[in-house]
Amino acid sequence: MPARSQRTSGSVAMDDYLEQILHLIESKGYARAVDISKNLGISQASVTNMLRRLDTEGLVKHEKYRGTVLTEEGHRIAKAIIDRHETLTRFLRLFGIDEETIYRDVEGMEHHVSRPTLAVIRAMADLLESRPGLLEEARAKSREIRG
């Protein structure tokens, strides 16, 4: 398995928190435990425990009653997770897969796909988007395989 600095935090749960914290900061300007708890559907006590862990790992700066900010490393990891999510979603949408299935599949894949595999998926999405004829061939083949 690649080193942590090359992929994610090393934990699916920690990745989910980092991703959520970045989304909150980008949309609201801040990330509070109560908002993270609400968005992830997790108890506030569990969120607080994870925020302490992320702080210890050097991925966030968490101050009780004040909020949470990402460190440079935490921000880098969160951006990489979001990029994975967006790339995988974009690729699957090319084949007309329904949004619910895409969401479920991407939630599982985004934490485990390697950089080289993600690069291939991104390259294929770029190629298919730039060549409508090839995209239609790929969609037809996909439909044929799926039955």
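Buried here means under 20% relative accessible area, exposed means over 50%, and partly exposed is anything in between (1.4 Å probe, protein chains only). Keep that in mind as you click around. You're looking at a predicted model, where local features need pLDDT of at least 70, side-chain atom pairs count only at pLDDT 80 or more, and totals for chains, interfaces and linings use all residues. Residues are numbered from 1 along each chain as its sequence is written, and side-chain values use heavy atoms, with hydrogens and water left out.

**Stop one: Met 50**

Select Met 50, in helix H3 (residues 44-56); helices (H or I, at least four residues) and strands (E, at least two) are DSSP runs, numbered from the N terminus. Is Met 50 buried or exposed? Its relative accessible area is 11%, so Met 50 is buried. Now show its contacts, meaning heavy atoms within 4.5 Å. Leaving aside residues up to four places away in sequence, Met 50 touches Ala 13, Met 14 and Tyr 17.

**Stop two: Ser 11**

Slide over to Ser 11, in the segment before H1. At 15% relative accessibility, Ser 11 counts as buried. Its side chain reaches the backbone nitrogen of Met 14 at 3.1 Å. That's a polar contact: a pair of N or O atoms within 3.5 Å where, within protein, one must be able to donate a hydrogen and the other to accept it, and residues adjacent in sequence count only if both atoms are side-chain atoms.

**Stop three: the salt bridges**

Colour the charged side chains next. A salt bridge is a side-chain nitrogen of Lys or Arg within 4 Å of a carboxyl oxygen of Asp or Glu, and the whole structure has 13 of them.

- Pick Lys 79 and Glu 26, whose side chains meet at 3.8 Å, N to O. This pair links distant parts of the chain, with Lys 79 in helix H4 (residues 72-93) and Glu 26 in helix H1 (residues 12-28), 53 residues apart. Lys 79 is partly exposed at 42%.
- Pick Arg 90 and Asp 126, which meet at 2.9 Å, N to O.
- Pick Lys 28, Arg 32 and Asp 35, which are linked in a network of salt bridges.

**Stop four: the hairpin**

Select strand E1 (residues 60-63) and strand E2 (residues 67-70), which run antiparallel and are joined by four bridges; strands pair if DSSP finds at least two bridges between them. Val 60 has Leu 70 as its bridge partner in E2. Three residues sit between the strands, and Tyr 65 takes a positive phi near 70 degrees.

While you're there, find the salt bridge from Glu 63 to Arg 66, with the closest N and O atoms 3.6 Å apart. Glu 63 is partly exposed at 44%, whereas Arg 66 counts as exposed at 69%.

**Last stop: a nonpolar patch**

Which residues form a nonpolar patch on the surface? Select Val 120, Met 124 and Leu 127, with about 230 Å² of accessible area together. Areas come from the Shrake-Rupley method with a 1.4 Å probe, and for residues only the protein chains shown count as cover. Patch residues have over 30% relative accessible area and no salt bridge, with like charges joined within 9 Å and nonpolar side chains (Val, Leu, Ile, Met, Phe, Trp, Tyr) within 5 Å. Finish on Leu 127, in helix H6, which is partly exposed at 31%.
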